[in-house]
Amino acid sequence: MSPRRNFHLAAALDGAGSHPAAPEKPFTPEAYARLIRAAESGLLDFVTVEDGPGRLDSALLLTLAAAVTDRIGLVPLGPAAGDPEAWATRVATLDHLSAGRAGVRPRVAAGNAEHARLVGALGTPEGERLVARLFGRAAEFLDAATGAWGTLVHPPQGRPPLAVLAHATVPYRLAASHADVVFVTPKDTADLVAIRQEIGTLLAKAGRPAGSLRVLADVNVVLGGSQEEADARRARLDEAAGTPFTSDAAVFTGTPERLADLLESWYREGGADGFRLRPAVLPDDLDTVATRLVPVLQERGLFRTAYTARTLRGHLGLADLRGPGSPVDERRIPL
């Protein structure tokens, strides 16, 4: 496989970190802004921010971050439900406030009763029909929402990138038909190769060119200055949680150098376009990514040494969808 010059790198900011025993902190909007500035210091393509019960609104948090950052992409969670035009307007507003750095991660939404029914039917033909119905509804929602970007509201990027988290064929199909980025969760290189091949087939069936979708592998990271230090950190966290750390995505425990080995292997041999790292503990593992992992990747020629674009589409190497005569205004709006 002949890789491109470098790969994409993003970070997931999920509560106090991806490990269930990550120490809870009073994460204020200012604290999130500091996290995102740290990620920008490492030249990451973008960050994603999760929200949900008991958490602050991800789009509003990233609106604050837009005022105190310059280049990094900002991707909030956006449940694919409600009024598509209001959804489109919210994302377009963040795109304007960040001068073209917004994206959004649509999440398939289900009501409480529908969710309970789905959980009870998982693994059955009825469950498969329910999943297909949910994702079909999400596709219709995204058609309406992205259509509004060309008619009612006009984001600086034309179309802020859509990023979909996918674990199986049905969500892969949604990503292939609608997304610009897909987060996948392989366990090893062979798994990644198989996922990449399936997505490529679905992309072709959707009538889209091979280079129109970026495939980023998710990896949870517990980092240390030595393997012993990383193992000890992981053991302390697992003990505090009362159970070993498991996740939908791979869990890496080790040094930044060994993590660089894994990412390089998955890039060169597995066909990943890049990675979304899930720091086990914030800000600790994110800081290590920015200050220790990124320099290793740069030394190997795998990652940028400076930002070369100003929009998120530019960072990702996606086609410029702005209309003629509508350049991105690089001035941030002060908040």
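## Close-up views of a predicted model

**View 1. A99 counts as buried, at 7% relative accessibility.** Buried means under 20% relative accessible area, exposed means over 50%, and partly exposed lies in between (1.4 Å probe, protein chains only). This is a predicted model, in which local features need pLDDT of at least 70 and side-chain atom pairs count only at pLDDT 80 or more, while totals for chains, interfaces and linings use all residues. Residues are numbered from 1 along each chain as its sequence is written, and side-chain values use heavy atoms, with hydrogens and water left out. A99 lies in the loop between α3 (84-97) and β4 (105-107), where helices (H or I, at least four residues) and strands (E, at least two) are DSSP runs numbered from the N terminus. Although A99 is not a glycine, its phi is positive, at about 55°.

**View 2. L43 is another residue with a positive phi, of about 65°, although it is not a glycine.** L43 belongs to the loop that runs between α1 and β2 (46-49), and its relative accessible area of 14% makes L43 buried. Most residues other than glycine have a negative phi, and most peptide bonds are trans.

**View 3. The peptide bond that joins L282 and P283 is cis, with an omega of about 5°.** P283 sits in the loop between β9 (274-279) and α10 (284-299).

**View 4. Helix α1 (residues 29-41) and helix α2 (residues 58-68) have axes that come within 9 Å and cross at roughly 55°.** Axes are lines fitted to C-alpha atoms, for helices over the stretch in contact, and angles run from 0 to 180 degrees between N-to-C directions. The two helices α1 and α2 are therefore oblique to each other, given that angles under 35 degrees count as roughly parallel, over 145 as roughly antiparallel, 65 to 115 as roughly perpendicular and the rest as oblique. On the α1 side the contact (heavy atoms within 4.5 Å) is made by P29, E30, Y32, A33, I36 and R37, and on the α2 side by L61, L62, L64, A65 and V68.

**View 5. Helix α1 also meets α10, and their axes come within 8 Å and cross at roughly 25°.** That angle makes α1 roughly parallel to α10. Here L35, A38, A39 and S41 in α1 meet L286, D287 and A290 in α10.

**View 6. F135 is found in helix α5 (residues 125-151).** With a relative accessible area of 18%, F135 is buried. Along the sequence F135 and P171 are 36 residues apart, yet in space they are 7.1 Å apart, C-alpha to C-alpha. When neighbours within four places in sequence are left aside, F135 is in contact with V108, V170, P171 and L174.

**View 7. The largest nonpolar core has 68 residues, of which L9, L13, V47, V184, F275 and L277 touch the most other members.** A nonpolar core is a set of buried Ala, Val, Leu, Ile, Met, Phe, Trp, Tyr and Cys residues joined through side-chain atoms within 4.5 Å. Not counting residues up to four places away in sequence, V184 touches A166, Y172, L192, I195, I199, V215, L216, A217 and D218. A second, separate core has 18 residues, among them A80, A92, F141 and L174.

**View 8. The protein as a whole contains 11 helices and nine strands.** Of its 335 residues, 53% are buried. Among contacts with a separation of 6 or more, 77% are between residues 24 or more positions apart.
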